[in-house]
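Look over the fold before reading on.

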Amino acid sequence: MILHTLDKVDALKDYAAGKNTTLPNLALTWFISQEGVDAVIPGGKRKERIRENTQASEIRLSKEELNVINDNLNKN
């Protein structure tokens with residue numbers, strides 16, 4: 001189970017890299033793209049993390065890209 005989950009994480013890291021972003025920023029963008037979600041409040045103690053988190057607002061995911069991510073997350 002753990003290895004299967006890590007495979008999903010690795011695939012999403014690669015997907016994020018292909019979009020020139022980080023996995024955390026891809027996750028923030030994915031969360032805010034979900035129906036019914038109006039805001040995502042990430043944590044951050046250091047200025048660098050807060051700056052990185054704000055970059056997620058610049059990322060756009062098409063329906064096709066959201067489907068790719070969702071398909072990855074829903075793999076058994």
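This is a predicted model: local features need pLDDT of at least 70, side-chain atom pairs count only at pLDDT 80 or more; totals for chains, interfaces and linings use all residues.

Start at Glu65, whose contacts beyond its neighbours within four places in sequence are Tyr15, Lys19 and Arg60. Contact here means heavy atoms within 4.5 Å. Glu65 sits in helix α4.

Residues are numbered from 1 along each chain as its sequence is written, and side-chain values use heavy atoms, with hydrogens and water left out.

Now step back to the whole chain. The protein chain has four helices and zero strands. Read from the N terminus, the order is α-α-α-α. Helices (H or I, at least four residues) and strands (E, at least two) are DSSP runs, numbered from the N terminus. Along its principal axes, the C-alpha trace spans about 35 × 25 × 20 Å. Take the contacts of the protein chain with a separation of 6 or more: 67% of them join residues 24 or more positions apart.

Next, the surface. The protein chain exposes about 5,900 Å², and carbon and sulfur atoms supply 54% of that area. Accessible areas come from the Shrake-Rupley method with a 1.4 Å probe; for residues, only the protein chains shown count as cover. Of the 76 residues in the protein chain, 22% are buried. Buried means under 20% relative accessible area, exposed means over 50%, and partly exposed is in between (1.4 Å probe, protein chains only). The protein chain carries 11 positive and 11 negative charges, and their mean positions are 8 Å apart. Lys and Arg count as positive, Asp and Glu as negative; His and the chain ends are not counted. Each charge is placed at NZ of Lys, CZ of Arg, CG of Asp or CD of Glu.

Which residues make up the largest nonpolar core? There are eight: Leu12, Ala16, Leu26, Trp30, Ile59, Leu61, Leu66 and Ile69. Helices α1, α2 and α4 (63-74) each give two or more residues to this core. A nonpolar core is a set of buried Ala, Val, Leu, Ile, Met, Phe, Trp, Tyr and Cys residues joined through side-chain atoms within 4.5 Å.

Leaving aside neighbours within four places in sequence, Leu12 is in contact with Leu23, Leu26, Ile69, Asn72 and Leu73. Is Asn72 buried or exposed? Asn72 counts as buried because its relative accessibility is 8%. Not counting residues up to four places away in sequence, Asn72 touches Lys8, Ala11 and Leu12.

Thr29 is in helix α2. Its relative accessibility is 2%, so Thr29 counts as buried. Beyond its neighbours within four places in sequence, Thr29 is in contact with Ala56, Ile59 and Leu61. Glu58 is 29 residues from Thr29 in sequence, yet 8.7 Å away in space, C-alpha to C-alpha. Glu58 lies in the loop between α3 (47-55) and α4. At 64% relative accessibility, Glu58 counts as exposed.

Now the aromatic rings. The count comes to one aromatic pair. The ring centres of Trp30 and Phe31 are 5.1 Å apart and their planes meet at 65°, so the pair is edge-to-face. Rings of Phe, Tyr and Trp (its six-membered ring) pair if their centres lie within 6.5 Å; planes under 30 degrees apart count as stacked, over 60 as edge-to-face and the rest as tilted. Trp30 counts as buried, at 17% relative accessibility. Phe31 is partly exposed, with a relative accessible area of 43%.

Two asparagines remain. Asn20 lies in the loop between α1 (2-18) and α2 (23-32). Phi of Asn20 is near 55°, a positive value in a residue other than glycine. Asn20 is exposed, with a relative accessible area of 74%. Asn76 is in the segment after α4. Its relative accessible area is 87%, so Asn76 is exposed. The C-alpha atoms of Asn76 and Lys47 are separated by 37 Å, and the two residues are 29 residues apart along the chain.
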